Amino acid sequence: MPFYQRLGQVPHKRHTQFRKPDGKLYREEVMGLEGFHGIQSILYHHFLPPRVLRTELIGSAKPTYVDFGPIRHRAFATANVPAGGDAVSARVTLLGNNDVTIGISRPTESMTFFYRNAQAYEVWFTHEGSGELLSQFGRLPFSAGDYLVIPFGTTWQMRLNEPARFLVIESASQIAPPKRYRNQFGQLLEHAPYCERDIRGPSELLTFTDTGEFEVRIKVRDQLTRHILDHHPFDVVGWDGYLYPWAFSIHDFEPITGRIHQPPPVHQTFEGHNFVVCSFVPRLFDYHPEAIPAPYNHSNVNSDEVIYYCDGNFMSRRGIERCDITLHPAGLPHGPQPGSTEASIGAKETHELAVMIDTFHPLHLTAAALELEKAGYMDSWSVGGPEG
């Protein structure tokens, strides 16, 4: 995953002559993962891909983490994270480790430069807003609810129709649908909560032959570098393969339900190395006559759990508001707050919408996260009554 796609013009055979109308060669580029062992695409350019006018080091792009302090459950209010600027410049990293970082971006403007993350896959979950992601692979429109999955090395630019809000995940590894959803050929199976029809690749190839000066900011080796090209970076006349940006809407995730409460893996949407991404969507509750719809208490023995609350009413979380993020770290049990379990009995459905990220190595906090922390979240299990 994803599957084979093709846009524009490509020659009949790989690595053979492919000429422009004036007789000059198009420049072939093989773009692939894991040293020709992973998925790849082949692109055909008007200009030589390594051609750069000049380079400049912008500075460090490595998150700075602070001391976690006593181990405890935490919540962060992100609704009022300052908005402004473009999607990349507005990004604020809140949590992270060597496998994954998690942050928020509230852009109000389209990008005037191009961006390439050469050290991470990126997932931009669109909570609010709409626009289009442009890349050398073409045009990919998006709207609220879309996960935008952007592979290593993709050069892209985001154009907005209105101010937007994103949950941003950066992964040091490839992000893909879970292996248990796929057969040996990579096809999504019948029990998977979504299928290939739900995955959208670039819909239109945009080819530019403009010359001048074009800025590409490249993130690699935990630094940002500015490259100035003498040609437009979206000069591709055609491509085919398995490596390209794609979109999947959380609203196309079909929830798996049962007679009794189902464990969180039924909500899994994507996987990376040492973490998973899950989608909580509107669904019917458990239908055993004595079922308890609220989640049971459980201990994260070796994983940190992060939930970004999008919309709806989460029965097990009092005091949590839209755009809040909770962090339940490894080493502590967590579950419904006092009164939530009894109150859930008899409920037939939920209209909640949220994104969960479970990491299998501890997450660290940034200073920006501490500024957003909601005091007293850990005490929410200890208020009043025989349950606390």
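Both Tyr194 and Phe253 are buried, where buried means under 20% relative accessible area, exposed over 50% and partly exposed in between, computed with a 1.4 Å probe on protein chains only. This is a predicted model, in which local features need pLDDT of at least 70 and side-chain atom pairs count only at pLDDT 80 or more, while totals for chains, interfaces and linings use all residues. Residues are numbered from 1 along each chain as its sequence is written, and side-chain values use heavy atoms, with hydrogens and water left out.

A search of the whole structure finds 20 aromatic pairs; rings of Phe, Tyr and Trp (its six-membered ring) pair if their centres lie within 6.5 Å, and planes under 30 degrees apart count as stacked, over 60 as edge-to-face and the rest as tilted. Two of the pairs involve Tyr194 and are tabulated here.

| Pair | Centre to centre | Angle between planes | Class |
|---|---|---|---|
| Tyr194 and Phe248 | 4.4 Å | 40° | tilted |
| Tyr194 and Phe253 | 6.4 Å | 45° | tilted |

Tyr194 lies in the loop between strand 15 and strand 16 and Phe253 in the loop between strand 20 and strand 21 (268-272), so their pair ties together parts that are 59 residues apart in sequence; strands (E, at least two residues) are DSSP runs numbered from the N terminus. Relative accessibility is 3% for Tyr194 and 0% for Phe248. Tyr194, Phe248 and Phe253 belong to one aromatic cluster, whose members also include Trp246 and Phe270.

Key. Helix = DSSP H or I, 4+ residues; strand = E, 2+ residues; numbered from the N terminus.
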